[in-house]
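I opened this model to log its overall build and then a handful of residues. My notes are in the order I looked things up.

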Amino acid sequence: MTMTITLSPQALAEACAEAMWSTDLTSQRLGMRIEHIAPGEATLSMEITDSMMNGHGLAHGGFVFALADSAFAFACNGYNQRTVGHQAAITYMAPGRLGDRLTAVARELFRGRRDGIYDVHVTNDRGEQVAEFRGQSRTVKGTHLPE
């Protein structure tokens, strides 16, 4: 006899995030932390360290993009469907500085059968806007959890 367990949308999003996090060594090694997960939402944070600084003494834009992209990935993968980014754009408004804790808040704007649009706002611990990111997702074959 097979037993099917149905999770609430919140529990499903959390279980998918846990499954993704367990293999996301890059985000872990960059010191990212998952602060919040919900269906179509994710908040991740990361402290800017000296190894992330560029020649101008500011956080390299690639690290800010990595944080925003990770928040985007966790937001769009909470439905137990493997989803990848197929387009992203970022606008930088202020630099990250040594010791800043950046927070990326991702929210779903649209989710269709296979596609989604997500906005990510990145701020520092002083409440200043650091970057705006918009990502488009595409659902591919596979799931994060056994069905």
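The entries below go from the whole chain to single residues.

**Ground rules**

I am working with a predicted model, in which local features need pLDDT of at least 70, side-chain atom pairs count only at pLDDT 80 or more, and totals for chains, interfaces and linings use all residues. Residues are numbered from 1 along each chain as its sequence is written, and side-chain values use heavy atoms, with hydrogens and water left out.

**Whole chain**

I started with secondary structure, taken as DSSP runs numbered from the N terminus (helices H or I, at least four residues; strands E, at least two). The protein chain has three helices and six strands. Read from the N terminus, their order is α-α-β-β-α-β-β-β-β. The radius of gyration is 16 Å, close to the 15 Å from the globule rule for 147 residues, so the chain is as compact as a globular protein of that length. That radius is taken over C-alpha atoms, and the rule is 2.2 Å times the number of residues to the power 0.38. I also checked the box along the principal axes: the C-alpha atoms fill roughly 60 × 25 × 25 Å.

Next I looked at burial (buried is under 20% relative accessible area, exposed over 50%, partly exposed in between; 1.4 Å probe, protein chains only). Of the 147 residues, 35% are buried. The chain exposes about 8,200 Å², and carbon and sulfur atoms supply 52% of that area. Areas come from the Shrake-Rupley method with a 1.4 Å probe; for residues, only the protein chains shown count as cover.

I then took contacts, meaning heavy atoms within 4.5 Å. Among those between residues at least 6 apart in sequence, 65% join residues at least 24 apart.

**L67**

I picked L67 in helix α3, residues 61–76. Is L67 buried or exposed? L67 is buried, at a relative accessible area of 0%. Beyond four places in sequence, L67 touches M32, L44, S45, M46, L102, T103, A104 and V122.

**Strand β6: G135 and T139**

I moved to G135, in strand β6. G135 is buried, with a relative accessible area of 0%. Its contacts, leaving aside neighbours within four places, are F72, Q87, A88, G116, I117 and Y118. G85 is 50 residues away in sequence, yet its C-alpha lies 6.6 Å from that of G135.

Outside four places in sequence, T139 touches Q81, R82, T83, R113 and R114.

**R126**

I finished in the loop between β5 (115–123) and β6, where R126 sits. R126 is partly exposed, with a relative accessible area of 47%. Which residues does R126 contact, leaving aside neighbours within four places in sequence? They are R97 and D100. The D100 pairing includes a side-chain to side-chain polar contact at 2.8 Å. I count a polar contact as a pair of N or O atoms within 3.5 Å; within protein, one must be able to donate a hydrogen and the other to accept it, and residues adjacent in sequence count only if both atoms are side-chain atoms. Last, I noted that R126 and E47 are 79 residues apart in sequence and 13 Å apart, C-alpha to C-alpha.
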